[in-house]
Amino acid sequence: MENKTYLYECEASRIRLAGEIAAESMVLLKNEDQCLPLSPQTVAFFGRACYRPNLGGMGSGMSFKGKEVPTIYGACEKAGLIPEEGLHGFYKDIFDHEEPFDPFKALMESGTDLVASGIIYDIFGRYNAQIPENAVPEILVQSAARRTDTAVFVFGRNTGGEECDRRVEDDYYLLDSEKKLIDQICQAFPRVIVLMNINGVTDFSWISDYESIKAVVYIGTAGEQGPEAVARLLTGEAVPSGKLAFTVADAYEAYPTAETFSYNKDVPESIKEYKDYGLDAMANGSEGFDKSPVTLYREGLYMGYRYFDSFGKKVLYPFGYGLSYADFQISKLCVRLESTDRRWGQCVVKACVRNVSERFSGKEVVQVYISAPDGCLEKPYQSYIGCAKTGALAP
């Protein structure tokens with residue numbers, strides 16, 4: 001009995017920790033007119049990922065195998081955000097009759113040696129395209145809009161595969177079915193919340209095209225406790241404190257690797273080789289192959305945010321960006337060099353963080369960047385050094 005109790009407590013602790021990590025890593029990108037958090041109410045839920053959330057990535061990232069895959073609508077319903085019944089019935093009917101692809105089941109049914117057999121690559125190594133959004137009858141959308149002014153659209157991406165990069169068309173950009181659904185939602189509802197349930201950066205530029213989109217939360221692929229974390233954030237039980245670990249540019253072409261990114265192994269002629277860049281494949285050790293693909297490394301020091309910051313490029317959401325329901329004031333900044341011996345020292349940065357909001361408790365992240373003089377070496381404009389997140393600060 002003691003052993004069972006211990007295991008139960010360990011499992012409860014693991015679940016609690018997974019939920020905390022998920023909630024603290026999600027990033028609030030937009031919150032106009034204090035749209036979030038939501039009070040208990042009826043909400044119109046849209047999107048396949050609302051009912052089949054992306055909890056991990058593709059390839060090895062598909063290893064999540066829970067007894068029951070949690071849903072975003074289900075977690076929200078438990079938190080007091082009740083799905084509008086007409087739309088809920090529409091989606092429920094679809095997914096009750098649509099069996100999800102289970103790669104592990106396919107492996108077991110193959111009856112082969114799962115380690116030595118190439119069937120693992122055949123199943124996991126294929127590109128998985130995004131499934132189009134289901135067309136929602138306009139009569140259901142209008143009926144839902146009469147019952148609530150608030151819609152939540154879960155934008156999903158779970159594309160790629162083992163040794164398969166994602167693609168630009170129909171992956172980075174919106175699918176036609178997604179564009180049509182977003183148009184429907186934003187025309188019918190004055191308050192639209194978008195949850196970005198994606199396993200990699202996509203085009204975010206469409207968000208600004210819709211006045212109705214009042215709030216955007218990047219939830220990523222947050223694991224088995226992700227849906228519950230979403231519900232806690234939407235209702236204010238948890239307050240967003242995550243910051244972006246990447247830069248979101250305003251166009252695909254704005255990324256410095258756009259011209260040299262070669263990705264579609266299903267169309268070999270589209271893959272760039274050494275010779276495409278005037279390089280010698282044999283001199284680089286690529287011999288005996290029909291093709292000698294290569295990704296040209298051009299960024300040098302200017303990878304990620306360093307490129308956008310150093311060259312003053314316009315972006316939609318910069319590295320380190322993230323909002324909160326609470327407002328914070330950072331003051332009393334102190335930078336001090338503490339010598340540890342005659343040659344080397346340790347730079348200590350201290351600051352006072354105060355929650356100046358009237359209503360919400362929350363956590364803030366203090367980020368430290370340095371801009372070093374070039375000297376004899378080229379340097380980026382600034383480099384991220386580290387950060388510290390406060391504990392929960394009351395108003």
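What percentage of the 395 residues of the chain count as buried? In this model, which is a predicted one, the figure is 42%.

Let me begin with the overall architecture. The chain has 12 strands and 11 helices. Among contacts with a separation of 6 or more, 72% are accounted for by residues 24 or more positions apart. The chain exposes about 22,200 Å², and 52% of that area is supplied by carbon and sulfur atoms.

I turn now to the aromatic residues. The count of aromatic pairs comes to 22. Consider Tyr-51 and Phe-95: their ring centres are 5.8 Å apart and their planes lie at 10 degrees, so this pair is stacked, the cut-off for stacking being under 30 degrees. Tyr-51 belongs to helix H2, residues 48-51, and Phe-95 to helix H4, residues 85-96; the two are 44 residues apart, and the pair thus links distant parts of the chain. Both Tyr-51 and Phe-95 are buried. They also belong to one aromatic cluster, together with Tyr-73, Phe-90 and Tyr-91.

Finally, the surface. Leu-333, Val-335 and Val-349 make a nonpolar patch of about 290 Å². Of these residues, Val-349 is placed in strand S10, residues 345-355.

How values were computed:
Residues numbered from 1 in each chain as written. Predicted model: local features only at pLDDT ≥ 70, side-chain atom pairs only at ≥ 80, totals over all residues. Heavy atoms only, no water. Phe/Tyr/Trp six-rings, centres within 6.5 Å; stacked < 30°, edge-to-face > 60°. Helix = DSSP H or I, 4+ residues; strand = E, 2+ residues; numbered from the N terminus. Buried < 20%, exposed > 50% of the residue type's maximum accessible area, 1.4 Å probe, protein only. Patch = residues over 30% accessible without salt bridge, like charges linked within 9 Å, V, L, I, M, F, W, Y side chains within 5 Å. Areas by Shrake-Rupley, 256 points an atom, 1.4 Å probe, with all protein chains shown as cover. Salt bridge = Lys/Arg side-chain N within 4 Å of Asp/Glu carboxyl O. Contact = heavy atoms within 4.5 Å.
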